[in-house]
Amino acid sequence: MPSPCDAKYAPAGDVGAALMMIDSRLKAVYSGRSATDPEQQQLVDQFAASLGPEEANDLVDGACTLIYMFVQWLRMAHEDQNTDVIEYVVPSFVASMRMMPKSVRPEVIPTMVGMVVAAATGLSPNLWRKQYGDWTGDEMNSLEATALLLAEHINRLTGDRDFATRMVTEALSRSDLD
């Protein structure tokens with residue numbers, strides 16, 4: 001029996017905008033800046049303020065699509081090594097989130113882990129989360145951090161700081177051709 005949280009039922013959202021935000025954060029991390037650049041933060045704040053409710057929902061859906069894509073790539077990579085993605089990714093993911101108390105409140109970590117596990121089992125992170133009610137403000141930074149940590153993990157595994165971004169960009173380019 002198919003699940004109502006199956007990824008095939010999920011809206012893709014604005015993957016391009018979500019990817020742009022994650023790529024910008026990755027570049028800041030890789031440049032060694034521990035604090036957010038004030039100009040960059042101002043641009044992000046202006047962008048967020050320009051979004052209406054529908055566009056904001058599309059951005060959240062896009063971030064969830066990124067999480068799904070990243071976890072699916074990690075799942076396939078782990079399957080090639082006869083290992084379990086949940087066993088190998090979730091503990092380090094939780095440890096990383098716990099080291100980010102300004103961005104990720106401890107009480108939302110279980111929700112973010114649930115989204116990653118949902119994606120690892122083929123469910124839509126967004127549809128899985130929505131069954132528990134509306135998104136909270138505290139979850140927004142955590143959602144971004146989840147996508148960022150997964151992308152950075154992929155980049156580390158591949159030894160290529162642009163791999164995760166390029167993978168999604170290429171998938172988007174292929175989908176435009178179909």
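These are my notebook entries on a few features I looked up in this predicted model.

**Ground rules.** I number residues from 1 along each chain as its sequence is written, and side-chain values use heavy atoms, leaving out hydrogens and water. Because the model is predicted, local features need pLDDT of at least 70 and side-chain atom pairs count only at pLDDT 80 or more, while totals for chains, interfaces and linings use all residues.

**Aromatic rings.** I searched the whole structure and found two aromatic pairs (ring centres of Phe, Tyr or Trp, for Trp the six-membered ring, within 6.5 Å). In one of them, tryptophan 128 and tyrosine 132 have ring centres 5.2 Å apart and planes at 65 degrees, so I noted the pair as edge-to-face (over 60 degrees). Tyrosine 132 is exposed at 56% (exposed is over 50%).

Asparagine 82 counts as exposed, at 74% relative accessibility.

**Two helices.** I then checked helix 3 against helix 5 (residues 109-120): their axes, lines fitted to C-alpha atoms over the stretch in contact, come within 8 Å and cross at roughly 55 degrees. Among the residues that meet (heavy atoms within 4.5 Å) are Cys64 and Tyr68 in helix 3, and Met115 and Ala119 in helix 5.

Note on methods:
Phe/Tyr/Trp six-rings, centres within 6.5 Å; stacked < 30°, edge-to-face > 60°. Buried < 20%, exposed > 50% of the residue type's maximum accessible area, 1.4 Å probe, protein only. Axes fitted to C-alpha atoms, helices over the stretch in contact; angles between N-to-C directions. Helix = DSSP H or I, 4+ residues; strand = E, 2+ residues; numbered from the N terminus.
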